[in-house]
Amino acid sequence: MKKILNILNMLIAALFAGCFMPTAMTSCTDNGGDGIDSIKWNGSQNPENTSFRNPVWEPSLEAGTVVKGASMFVAVSATSQWAPGLTYICKSLTSNNLMTWNAGNDTFTESPAWAKGRVNSLTVDYARTVTGATYWMFYTLEGGNAIGVASATAAAGPYTDRGTLITAESLGKTDVRSPFFIVVTTNFYLCYTTDDGTYIQKIKLNKNSGATLSGSAIKIASEAFDDVALVRANSSRFYLMGTVNNNGSKEIHYAMASTITGPYKDRSGAELTTGSVGEPIITGGTEIINPENPMRGFINEAGTHLFIAYNATEQGKDLMKSGYARRPMFIAPLEIGEDGWFKAPITAQKGWTSPRYE
């Protein structure tokens with residue numbers, strides 16, 4: 001009998017101990033009057049389960065781009081040296097979630113030869129309907145003053161260079177830079193910036209003949225709005241994001257339109273082509289400064305946030321030991337209001353950032 005009582009006492013003690021376990025478990029209540037409820041694990045509340053760490057890639061993804069391919073995200077950097085003497089010709093990264101990245105191969109086996117400089121800006125998107133050439137890159141070379149085009153069957157390449165598509169001379173401009181390519185269902189559009197503003201133009205793609213311009217270019221922003229990226233939220237809402245110089249500091253601003261070709265307007269209804277610089281959405285802080293180069297945006301499954309990839313600079317660390325620009329990649333979750341406008345601008349910063357992309 002004494003042995004049985006000892007066993008019962010031990011069981012009772014264990015049950016009472018369970019009622020004082022951490023709040024990550026359910027409490028021991030007896031709602032049915034027939035003994036304690038079962039103990040259930042509600043999941044960890046550690047930051048890594050609800051947040052992610054910025055920057056998501058360093059030391060650099062200078063003037064880079066991000067594309068969502070058939071099975072994963074791929075980011076591509078401008079030509080750079082992360083270590084002295086080791087040149088990467090547009091290094092690729094891969095990710096399943098936008099938040100953790102792994103280095104891959106160079107997207108070019110050799111630098112395009114139509115100009116001597118390195119690839120210093122680029123954009124890639126997934127054109128699934130173009131059989132035999134499903135990924136297309138538009139890029140610039142230092143000193144080239146033109147936009148080149150290349151294609152591949154995988155987002156990370158290798159890409160086959162197809163020469164120049166647009167030159168400043170062909171446009172009647174003194175400068176052409178900062179291409180951005182976007183696929184909307186079966187339509188293909190290229191944005192580019194010149195000395196008097198940013199334009200969008202429809203293009204045609206063919207695995208044999210390459211890329212050709214189609215129709216006329218439409219101006220969508222003045223020269224104050226640079227380095228643009230387009231995001232299609234739905235069939236009647238498009239965001240245009242770009243880099244704006246605010247008294248010597250860079251910021252990322254945006255405007256909205258009901259069609260991809262604009263007009264893009266700020267909250268007051270003023271158009272980007274008539275002097276507006278849009279609404280600020282990512283500004284610099286004390287440690288992370290000069291947010292720039294919005295790469296591409298992705299809306300989460302719940303439709304509550306737009307996650308935008310961009311570059312920024314850490315104060316006092318603007319160059320790597322190689323002498324190349326140090327521009328880590330950051331991800332910003334922008335909360336979308338019911339009216340489609342973002343609820344508030346955010347400050348670029350390091351550390352835990354919420355929510356995670358899902």
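Start with the largest pocket of this predicted model, which holds about 550 Å³ of space. Select K68, D125, V183, R232 and F298: of the 16 residues that line the largest pocket, these are the closest to its centre.

Next, colour the strands around the largest pocket. β8 (119-126), β12 (176-184), β16 (226-234) and β20 (288-299) each contribute at least two residues to its lining. β20 gives the most, with 4 residues. By residue type, the lining of the largest pocket is made up of 9 nonpolar, 2 polar and 5 charged residues.

Move on to the second largest pocket, with a volume of about 310 Å³. Select D175, R177, S178, D226 and D227, the closest to its centre of the 23 residues that line the second largest pocket. Here the strands to show are β8, β9 (135-141), β12, β16, β17 (237-246) and β20, each of which supplies at least two lining residues. The lining of the second largest pocket divides into 5 nonpolar, 10 polar and 8 charged residues.

For the last stop, select R327, in the loop between β21 (305-314) and β22 (329-335). Is R327 buried or exposed? R327 has a relative accessible area of 18%, so it counts as buried, the cut-off being under 20%. Now display the side chain of T313, which makes a polar contact of 3.5 Å with the side chain of R327.

Technical notes: Residues are numbered from 1 along each chain as its sequence is written. This is a predicted model: local features need pLDDT of at least 70, side-chain atom pairs count only at pLDDT 80 or more; totals for chains, interfaces and linings use all residues. Side-chain values use heavy atoms; hydrogens and water are left out. Buried means under 20% relative accessible area, exposed over 50%, partly exposed in between (1.4 Å probe, protein chains only). A polar contact is a pair of N or O atoms within 3.5 Å; within protein, one must be able to donate a hydrogen and the other to accept it, and residues adjacent in sequence count only if both atoms are side-chain atoms. On a 1 Å grid over the protein atoms alone, a cavity is a set of points where a 1.4 Å probe fits but cannot get out, and a pocket is an open set with protein on both sides within 12 Å along at least five of seven lines; lining residues have an atom within 4 Å of a point. Grid points are joined across faces, edges and corners, and a volume is the space filled by probe spheres set on the points. Ala, Val, Leu, Ile, Met, Phe, Trp, Tyr, Cys and Pro count as nonpolar, Asp, Glu, Lys and Arg as charged, and the others, Gly among them, as polar.
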